[in-house]
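Look at the structure, then read on.

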Amino acid sequence: MRLPPWPGLSPQQEEQRVIAVENMRLTLLSSLAVIAVAPVFWFLYRGPLQPFLCIFRDNPYLLKLWPSNQNYVLNFAQGAFSPEDQCFFFAMTSSFSFLWLVWLALRTFRELRRVDTFYIKPWLSGYMIATPVCMLGSYFNYFGVSGHLLQPGLSEPIAIGTLKILFCITAFYYMLGALFEQLLLYRRRDKTIPKFRP
């Protein structure tokens, strides 16, 4: 990846910048890998594994893999979706959340081992504002009567609601990992990096 010139950086700081960009690329690729598994789950849960899906709804430990599932249980008590649709939904949300939990654990381990020091000041401020909003919105999202852009609706097909919640799960874990990365980077930052002036 060709980086735009950053005047005023020392050779060591430029080297640290390259490392930081490489880490960003690795994070993005690993995130896309998690997302790419979702269609595999979808195919398996709508096909050969469909008879076993209700274990996710009926097992409290599997159900809690995505904590907001407790909210959806209350929503579904209104009888909006068939038992088969409910089992599919909980299988997808729990499985996908588990994948993101593994991703977050591996990323946390990697972040704790990093020693690079290239810190871009506005990023932490942005993540400190955006992450809580995104996480709270994802965690407390629920099925409304009709739904809207990111909120699933009881009148929508379960596939649409599932996709919306999978997006919320992705945002929840990705933002949490990004904030943790920026906090650690802030602690070991190079305070002499000049402001970017193209």
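## Helix packing and cysteines

The axes of helix H1 (residues 11-46) and helix H7 (residues 158-187) come within 12 Å and cross at roughly 155 degrees. Axes are lines fitted to C-alpha atoms over the stretch in contact, with angles from 0 to 180 degrees between N-to-C directions. Helices are DSSP runs (H or I, at least four residues), numbered from the N terminus. This is a predicted model: local features need pLDDT of at least 70, side-chain atom pairs pLDDT 80 or more, while totals for chains, interfaces and linings use all residues. Residues are numbered from 1 along each chain as its sequence is written, and side-chain values use heavy atoms, without hydrogens and water.

H1 and H7 are therefore roughly antiparallel (over 145 degrees). In H1, the contact residues (heavy atoms within 4.5 Å) include Trp-42 and Arg-46; in H7 they include Tyr-174 and Glu-181. The residues of this contact divide into six nonpolar, five polar and two charged.

The structure holds one disulfide (cysteine sulfur atoms within 2.5 Å). This disulfide joins Cys-54 to Cys-87, S to S 2.0 Å. The S-S torsion is about 95 degrees, so the disulfide is right-handed. Cys-54 lies in helix H2 (residues 54-58) and Cys-87 in helix H5 (residues 83-113), so the pair ties together parts 33 residues apart in sequence.

Cys-134 is in no disulfide; the nearest cysteine sulfur, that of Cys-168, is 7.7 Å away.

Burial follows (relative accessible area: buried under 20%, exposed over 50%, partly exposed in between; 1.4 Å probe, protein chains only).

| Cysteine | Relative accessibility | Class |
|---|---|---|
| Cys-54 | 27% | partly exposed |
| Cys-87 | 1% | buried |
| Cys-168 | 6% | buried |

Note on methods:
Helix = DSSP H or I, 4+ residues; strand = E, 2+ residues; numbered from the N terminus. Parallel < 35°, antiparallel > 145°, perpendicular 65-115°, else oblique. Nonpolar A, V, L, I, M, F, W, Y, C, P; charged D, E, K, R; others polar.
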